[in-house]
Amino acid sequence: MPEVNFQQPINSAATIVKEYAVGKRDFERAELSDANLQDVDLKGSNLSYAYLSTANLSGANLRGCDLSYADLSQANLQNADLRGAMLFSANLRQADLQGTHLENADCNHNTHFPHNFDPMQAGIKMSE
């Protein structure tokens, strides 16, 4: 029988920072729209299916994070580090990607970027 996770989704910036500090890395389905996560270190975390629409992630260390299926629409990702992140089917429409480090991040054809953004020029790898 598969294991069922009855854990409530993370819904505050303070909670995610506190839990990361004690070693937790699984924040799947976190509900952090409008959260202020500026300059936070969440390197290597699972943020798949997270709702981060309009969140402030400027300067955040999201290196190697799994952001697959995450909603980052209208998020502030200025100068954030997303090198090596997984962005499969992520929604980055209208996200502010100015100065964002995206080298070796992975995406697919279902990943949505802001209009006039060139993922290849940013160093993102396109997977099938």
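Asp81 counts as buried at 12% relative accessibility, where buried means under 20% relative accessible area, exposed over 50% and partly exposed in between, computed with a 1.4 Å probe on protein chains only. The side chain of Asp81 meets that of Arg83 in a salt bridge, with 2.6 Å from N to O, and Arg83, at 29% relative accessibility, counts as partly exposed. A salt bridge is here a side-chain nitrogen of Lys or Arg within 4 Å of a carboxyl oxygen of Asp or Glu.

This is a predicted model, in which local features need pLDDT of at least 70 and side-chain atom pairs count only at pLDDT 80 or more, while totals for chains, interfaces and linings use all residues. Residues are numbered from 1 along each chain as its sequence is written, and side-chain values use heavy atoms, with hydrogens and water left out.

A search of the whole structure finds 3 salt bridges, which are set out below.

| Salt bridge | N to O distance |
|---|---|
| Asp81 and Arg83 | 2.6 Å |
| Lys24 and Glu19 | 3.0 Å |
| Lys125 and Asp106 | 3.6 Å |

In the pair formed by Lys24 and Glu19, Glu19 counts as partly exposed, at 21% relative accessibility.

Lys125 forms its salt bridge with Asp106, the closest N and O atoms being 3.6 Å apart. This pair links distant parts of the chain, since Lys125 lies in strand β2 (residues 125-126) and Asp106 in strand β1 (residues 106-107), 19 residues apart; strands are DSSP runs (E, at least two residues), numbered from the N terminus. Lys125 is partly exposed, with a relative accessible area of 39%, whereas Asp106 is buried, at 17%.

Terms used
Helix = DSSP H or I, 4+ residues; strand = E, 2+ residues; numbered from the N terminus.
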